[in-house]
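Please work through the exercises below with the sequence and the model side by side, trying each task before reading its solution.

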Amino acid sequence: MERASIEYAINALWQVPLLAGSAWLVLRMVRPAPVTQHRVWLAVLGLAVLLPVHGMGSGGVSATQHAGTVIEASRHEALVLPAQNDLPRTPRQRFALAPLLSARTGSVRLTTRTVHWLLRLYVATIVIGLFRITRAWLAARTLVENSQEICLSDRDRVALEDYSHRLGIKPPQLRQTGEVSSPMVVGGRAPVLLLPEGFARHTENEIRAALCHELAHIQRRDYLVNVVCQVAALPLAWHPIVDWIQQRIHMTREMVCDAMAAQEMKSHLGYAKCLLALAHSMLGGRGMAAQAQFLGLFGNHTLEERVMRLMDTTTMSVRAKRARVVSGAAMMIASGVIAGMFHLTPTMAQADVLPQATQNPPEVAQAAVPAPSSPAAATPGDAKPAAEKKRSNVHRNRGDGDRREPTEQPLIDKDVQQRINDLAREMADETAKLNTPEFRQRMEDLARQMAEETAKVNTAEFKQRMEDAQQQMAEATAKFNSPEFKQRMDDLARQMAEETAKFNSPEFKKRMDDLQKQMQQQMEEFSREYQRSPNP
């Protein structure tokens, strides 16, 4: 159990950011409707919870279960490892896509003490997450029990029943409480719409906008979906990316309900104005909408992004949108395949097997070093150098009592050796550059310049200049705050107001009109005189 929990947490640590990052890039590029964004984030949360399970058990064979391969490092050392070719073949290996879909396992070496501490932290985060959900659920029940029934006006009640009938739902129970600052829905089977005190003081359009938004939550069963998401994310309650994914789910859920309410009001701009007016009058109260089990009108601090979405009128051509959708889908599929192809497995049990394998029991030593048939069979030409005796011999134990035949295996792959050599060469080149006289001279010059600048900053002249500058700024600030300066600014503002009033007075406008008429008459007279004069 503890091994499976640690394996799940280790793989979720890198798979969840990969899924969330690819989903964010796709949605940023495609910019689909809010309902599509909400579904994408729900799918990302589901994959984040289920994908770490993929590959568990495929690479976790303990070293005590399969000990059929013996690698002899020298004549006196032996290492026992599982024989991968002796493992039973699964039915998936018959298909051509099985090698691509199966997880590539890698090992992460952990000590027993580290595993125990990680397991305790993992269980603690799950318990804390469950405690938070339970506390929010109890707070919701207490909030409903302490509220009072309320009756809307005939006009608002008719609007509520009409929109509920169009959505195909039963009108919810209306209750009023002073412990909330905005309308919110509580409950799944029998939802209750909690309204803040003084809700009836708002205008008709504002009340209609709030009711349409909350009824959209009830029609979509967002309360139950929210509870399922909270419970499903408990195994990943410690992951900050999962918390961010849930925030995106909450935000897109509110956007979907905003779109439904704006469609009911027949105006996105009008609904946005009502939303801002409600926020201006309601957000001064207590923020109960931020709890996990409440679906409030202004929860999760997403008002600005919601209003920007309502005001967004940009359109995209069908061809460009199709290309972005195809590329985004390919990116999502690629990220999911990459996350599913690789799997990390903690190696905890193999530490107990290695000491047993290195004891070199007599039967393993005899099988690993075959004796010659007679001394005469050994010839000088058959003699091998001492270095050849330390090469590894791999013996396959088929389990049927047959004699094991030695086969030579290289200790290090050629590609790995080439990469190690290239890396060593690059490190040597960089070390040589650091040890060159030019680089040392540059570092000495830089140190000398920094010392000179530091000495200048610490000189008495520089400190005196800084004190003079501070004194001048203090004097200027005192002048700005002095009564004389404020009086001068007030006089100037009064003069500007008087001049502006003169410009806007009827007398000034009359004088300007007369001047314009006079100029027009003079231009007409000049034109007539010019036409009467003979041509030169």
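The model is predicted, so local features need pLDDT of at least 70 and side-chain atom pairs count only at pLDDT 80 or more, whereas totals for chains, interfaces and linings use all residues. Residues are numbered from 1 along each chain as its sequence is written, and side-chain values use heavy atoms, with hydrogens and water left out.

**Exercise 1.** Describe the geometry and the setting of the aromatic pair in the structure.

Solution. Rings of Phe, Tyr and Trp (its six-membered ring) pair if their centres lie within 6.5 Å, with planes under 30 degrees apart counted as stacked, over 60 as edge-to-face and the rest as tilted. The structure holds one such pair, formed by Trp-41 and Trp-244, whose centres are 5.3 Å apart with 85° between the planes, which is edge-to-face. Because Trp-41 lies in helix α2 (residues 34–50) and Trp-244 in helix α8, the pair ties together parts 203 residues apart in sequence; helices here are DSSP runs (H or I, at least four residues), numbered from the N terminus. Next, Trp-41 is buried at 1% relative accessible area, while Trp-244 is partly exposed at 29%, where buried means under 20%, exposed over 50% and partly exposed in between (1.4 Å probe, protein chains only).

**Exercise 2.** Which residue lies over the face of Trp-117?

Solution. Arg-120 does, at 5.2 Å from the ring centre; the criterion is NZ of Lys or CZ of Arg within 6 Å of the ring centre and within 35 degrees of the ring normal.

**Exercise 3.** How many disulfides does a search of the whole structure find?

Solution. The search finds zero, a disulfide being a pair of cysteine sulfur atoms within 2.5 Å. As for individual cysteines, Cys-151 is exposed at 76% relative accessible area, whereas Cys-229 is buried at 11%.

How values were computed: Helices (H or I, at least four residues) and strands (E, at least two) are DSSP runs, numbered from the N terminus.
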